[in-house]
Amino acid sequence: MILHTMNTLLKSGESSAILGAVSTALDRSDEAPFWRQKSLPFCEAVLSVLIPLRDQNLLFDPEGNPRSELTHELFLRWCDLYSLKILAFTLAKSNDLGKLTRTKISTDSYQPIDLEILGKYLSSYSVNLENEMVDFPRTNYNLHIGMTSLITKILEGKV
């Protein structure tokens with residue numbers, strides 16, 4: 001039931017409804033409070049850009065290939081901290097140019113996406129938002145692997 005609900009929410013739900021479902025699953029989980037406190041802002045940051053892309057029918061995977069809908073698999077692909085960093089730079093460049101760039105999607109209809117939530121989130125984990133080539137601390141990457149593992153369990157209905 002949870003898996004069906006999460007897939008439905010990802011495909012057409014509002015960010016607040018998706019976050020509410022994740023929050024409920026986190027509350028029910030036996031995970032340490034540390035993981036619960038870290039995972040919800042993480043989901044919010046990812047959703048803050050994926051929902052607007054979904055609503056514009058401009059979803060793509062980390063390789064730039066078009067995707068027709070937001071599934072839990074696609075969501076999880078973007079949960080990788082490096083991929084999320086690349087997404088932030090892709091959307092920042094797209095916002096500057098007024099068209100979606102660095103993807104295999106050909107479109108003239110692109111509405112700039114607010115990157116404030118994602119930017120604050122990435123900055124809090126020492127991701128340099130000025131220079132794409134600057135790496136971030138490995139410990140932050142490892143922390144995101146743990147959060148992604150928990151989110152995977154939630155999205156697959158195992159929590």
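**Close-up 1. Helices H2 and H3 in the predicted model, packed against each other.** Here we're looking at H2, residues 15–28, where its axis comes within 10 Å of the H3 axis and the two cross at roughly 160°. That angle makes H2 roughly antiparallel to H3, and the crossing is right-handed. On the H2 side, the contact is made by Ser15, Ile18, Leu19, Val22, Ser23, Leu26 and Asp27. H3 answers with Arg36, Ser39, Leu40, Cys43, Glu44, Leu47 and Ile51. Sort the residues of this contact by class and you get eight nonpolar, three polar and three charged.

**Close-up 2. H3 again, this time with H6.** H3 covers residues 33–55 and H6 covers residues 116–124. Their axes sit 8 Å apart, and the packing angle is about 140°. H3 and H6 are therefore oblique to each other; the cut-off for roughly antiparallel is over 145 degrees. H3 goes past H6 in a left-handed crossing. From H3, the residues making the contact are Pro41, Phe42, Glu44, Ala45, Ser48 and Val49. From H6, they are Ile117, Leu118 and Tyr121. The tally for the H3 and H6 contact is seven nonpolar residues, one polar and one charged.

**Close-up 3. H3 crossing H5.** For this pair, the axes come within 12 Å, with a crossing angle of roughly 40°. That makes H3 oblique to H5, and the handedness of the crossing is left. Phe42, Val46, Val49, Leu50 and Leu53 are the H3 residues in the contact, while H5 brings in Leu84, Leu87 and Leu91. As for classes, the contact of H3 with H5 has eight nonpolar residues, no polar ones and no charged ones. Phe42 and Val49 also turn up in the contact that H3 makes with H6.

**Close-up 4. Serine 83 on helix H5.** H5 runs over residues 81–97, and serine 83 is part of it. With a relative accessible area of 12%, serine 83 is buried. Skip the neighbours within four places in sequence, and the residues in contact with serine 83 are Pro62, Arg77 and Trp78.

**Close-up 5. Asparagine 140 and its polar contact.** Asparagine 140 belongs to helix H7, residues 138–155. Its relative accessibility is 13%, so asparagine 140 counts as buried. Zoom in on the side chain of asparagine 140 and you'll find it reaching the backbone oxygen of tyrosine 125 at 2.6 Å. Beyond the neighbours within four places in sequence, asparagine 140 is in contact with Leu81, Tyr125 and Ser126.

**Close-up 6. Isoleucine 154, also on H7.** The relative accessibility of isoleucine 154 is 1%, so this residue counts as buried.

**Close-up 7. Threonine 101 in the loop between H5 and H6.** Threonine 101 is a loop residue, yet with a relative accessible area of 10% it is buried. Not counting residues up to four places away in sequence, threonine 101 touches Thr90, Lys93 and Ser94.

**Close-up 8. Arginine 102, a positive phi in the loop between H5 and H6.** Most residues other than glycine have a negative phi. Arginine 102 isn't a glycine, but its phi is positive, at about 60°. With a relative accessible area of 41%, arginine 102 is partly exposed. Threonine 101, from the previous view, is buried.

**Close-up 9. Asparagine 57, another non-glycine residue with a positive phi.** The phi of asparagine 57 is about 55°. You'll find asparagine 57 in the loop between H3 and helix H4, the latter spanning 72–78. At 66% relative accessibility, asparagine 57 counts as exposed.

How values were computed. Residues numbered from 1 in each chain as written. Predicted model: local features only at pLDDT ≥ 70, side-chain atom pairs only at ≥ 80, totals over all residues. Heavy atoms only, no water. Axes fitted to C-alpha atoms, helices over the stretch in contact; angles between N-to-C directions. Helix = DSSP H or I, 4+ residues; strand = E, 2+ residues; numbered from the N terminus. Parallel < 35°, antiparallel > 145°, perpendicular 65-115°, else oblique. Left-handed = near helix turned anticlockwise from the far one by under 90°. Contact = heavy atoms within 4.5 Å. Nonpolar A, V, L, I, M, F, W, Y, C, P; charged D, E, K, R; others polar. Buried < 20%, exposed > 50% of the residue type's maximum accessible area, 1.4 Å probe, protein only. Polar contact = N/O pair within 3.5 Å; in protein donor to acceptor, adjacent residues only side chain to side chain.
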